[in-house]
Amino acid sequence: MAKRRGTRPVLRAGVRGVFRVRRVYDGPADEDGTRVLVDRLWPRGVSRERAAVDDWLKDIAPSAELRSWYHQDSSRYGEFAARYRAELDDAGHRPVVDALLDIAGERPVTLVTAVKDVEHSHLPTLLGHLERSAHGR
């Protein structure tokens, strides 16, 4: 996939479609499909028009407590990912996970985020959870 504005989206093909990850600051691309913001907080300095998201699922992001705990010491990524997996496994997250999987069954889904370091954020854990959940359907 070609670079766009200096970034390379992450592609994960799953049982129920394709999930992409793109930073909100890079703007939309034609191949994005449905754009879903998956951060708990709205990105600074980005208008709703510029973000061009179709939905904002802030409840799928890590809890405020977990996010704050991780930002105090980013060397705790492994523990952060484990705690976030536990949050995602909670029954309260099932409806929002199902909604994403339903959309992905019809068209590509781009998970939009403001994080700078995607590899050490909640996105890899979320993508893995979506893949496991898709297989369980």
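## Labels and their cut-offs

Author: Leu123, Thr125, Leu126, Leu127, Gly128, His129, Leu130, Ser133 and Ala134 are the buried residues of α5. The model is a predicted one, in which local features need pLDDT of at least 70 and side-chain atom pairs count only at pLDDT 80 or more, while totals for chains, interfaces and linings use all residues. Residues are numbered from 1 along each chain as its sequence is written, and side-chain values use heavy atoms, with hydrogens and water left out.

Reader: What makes leucine 127 a buried residue?

Author: Its relative accessible area is 3%. Buried means under 20%, exposed means over 50%, and partly exposed is in between, with a 1.4 Å probe and protein chains only. Leucine 127 is therefore buried. Leucine 127 sits in helix α5, and its C-alpha atom is 7.7 Å from that of phenylalanine 19, 108 residues away along the chain.

Reader: What does serine 121 touch?

Author: Contact means heavy atoms within 4.5 Å. Leaving out residues up to four places away in sequence, serine 121 touches Tyr77, Phe80 and Val115. A polar atom of the serine 121 side chain also lies 3.1 Å from the backbone nitrogen of leucine 123.

Reader: Why are valine 18 and alanine 52 called partly exposed?

Author: Valine 18 has a relative accessible area of 28% and alanine 52 has 26%. Both values lie between the two cut-offs, so partly exposed is the class for each. Valine 18 is part of strand β2; its C-alpha atom is 6.4 Å from that of alanine 104, at 86 residues' distance in sequence. Alanine 52 lies in the loop between α1 (48-51) and β4 (55-56).

Reader: What is the phi of alanine 52?

Author: The phi of alanine 52 is positive, about 50°, although the residue is not a glycine. Most residues other than glycine have a negative phi.

Reader: How many helices and strands are there, and what counts as one?

Author: The chain has five helices and five strands. Helices are DSSP runs of H or I with at least four residues, strands are runs of E with at least two, and both are numbered from the N terminus. In that direction the order is β-β-β-α-β-α-α-α-β-α.

Reader: Why are the buried residues of α3 said to line one face?

Author: They are Tyr77, Phe80, Ala81, Tyr84, Glu87 and Leu88. Down the helix axis they fall within an arc of 120°, so they line one face of α3. The arc is taken from the directions between the helix axis and the C-beta atoms. Their cover includes α2 (64-72) and α5 (123-135).

Reader: What about the buried residues of α4?

Author: Val96, Val97, Leu100, Leu101, Ile103 and Ala104 are buried there.

Reader: What makes a group of residues a nonpolar core?

Author: The members are buried Ala, Val, Leu, Ile, Met, Phe, Trp, Tyr and Cys residues joined through side-chain atoms within 4.5 Å. The largest such core has 28 residues, and Phe19, Ile60, Leu100, Val109, Leu111, Leu126 and Leu130 have the most contacts inside it. Two or more residues each come from β2 (17-23), α2, α3, α4 (94-104), β5 (109-113) and α5. The largest share, six residues, is that of α4. Leucine 130 touches Phe19, Val97, Leu100, Leu101 and Leu111, not counting residues up to four places away in sequence. A second, separate core has six residues, including Leu37, Ala51, Val53 and Val112.

How values were computed
A polar contact is a pair of N or O atoms within 3.5 Å; within protein, one must be able to donate a hydrogen and the other to accept it, and residues adjacent in sequence count only if both atoms are side-chain atoms.
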